[in-house]
Amino acid sequence: MGNGMHQIGEAAAQTGLSLRTIRFYEEVGLVPPSGRTAGGFRLYTDADIERLQLVKDLKPLDFSLEEMGEVLALQDQLDAGGAAD
């Protein structure tokens, strides 16, 4: 995978999530798209798609939206800080 931008259909295909679900995750602030095309189509990076996959993996564990947001925030902190070897 490169670090290209993917439209919502590609993000859905890679994660197995529906377009409706991906839009819902955007609405509640869990996974906003990283960009938009000139025509207004959502664009997702590989990192966004990994984030969607993480939310999908958390869903069956009955995390609330707030809890999922906290997990994603922790993930962001880890990604930003980098792992110390």
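In the sheet, G35 sits opposite L43 of strand β3. This comes from a predicted model, in which local features need pLDDT of at least 70 and side-chain atom pairs count only at pLDDT 80 or more, while totals for chains, interfaces and linings use all residues. Residues are numbered from 1 along each chain as its sequence is written, and side-chain values use heavy atoms, with hydrogens and water left out.

Strands and helices here are DSSP runs numbered from the N terminus (strands: E, at least two residues; helices: H or I, at least four). Strands of a sheet pair through backbone hydrogen bonds, either parallel or antiparallel. Here, 3 strands make an open sheet, lined up as β1-β3-β2 with antiparallel pairing. The edges go to β1 (6-7) and β2, each with a single partner strand, so one side of each has no neighbour in the sheet. Two strands count as paired if DSSP finds at least two bridges between them, and β2 and β3, which run antiparallel, are joined by 2 bridges. Helix α3 lies across β1 and β3, running at about 85° to β3; for such angles, axes are lines fitted to C-alpha atoms, for helices over the stretch in contact, and the values run from 0 to 180 degrees between N-to-C directions.

Next comes helix α2 (residues 19-27), whose buried residues are I22, Y25 and E26. They span an arc of only 105° around the axis, which puts them on the same side of α2. That arc is taken from the directions from the helix axis to the C-beta atoms. An α-helix has 3.6 residues a turn, so residues three or four places apart point the same way. Over on the other side of α2, R20 and E27 are exposed. As for the labels, buried means under 20% relative accessible area, exposed means over 50%, and partly exposed is in between (1.4 Å probe, protein chains only). The buried residues of α2 pack against α1 (8-15), β2 (35-36), β3 (42-44) and α3 (46-58), where contact means heavy atoms within 4.5 Å. Just past the end of α2, G29 has a positive phi of about 85°.

Salt bridges come next: a side-chain nitrogen of Lys or Arg has to be within 4 Å of a carboxyl oxygen of Asp or Glu. The count by this rule is 3 salt bridges. In one of them, R36 pairs with E26, with the closest N and O atoms 3.0 Å apart. R36 belongs to strand β2 and E26 to helix α2, so this pair ties together parts 10 residues apart in sequence. R36 is partly exposed at 44% relative accessibility, whereas E26 is buried at 18%. E26 also has a salt bridge with R42, the closest N and O atoms being 2.4 Å apart. Since R42 lies in strand β3 and E26 in helix α2, the pair ties together parts that are 16 residues apart in sequence. Elsewhere, D76 forms a salt bridge with R51, at 2.7 Å between the closest N and O atoms. D76 lies in helix α4 (residues 65-81) and R51 in helix α3, so parts 25 residues apart in sequence are tied together.

Finally, the aromatic rings. Rings of Phe, Tyr and Trp (its six-membered ring) pair if their centres lie within 6.5 Å; planes under 30 degrees apart count as stacked, over 60 as edge-to-face and the rest as tilted. That gives 1 aromatic pair. F24 and Y25 form this tilted pair, 6.1 Å centre to centre with 50° between the planes. F24 is partly exposed at 37% relative accessible area, while Y25 is buried at 3%.
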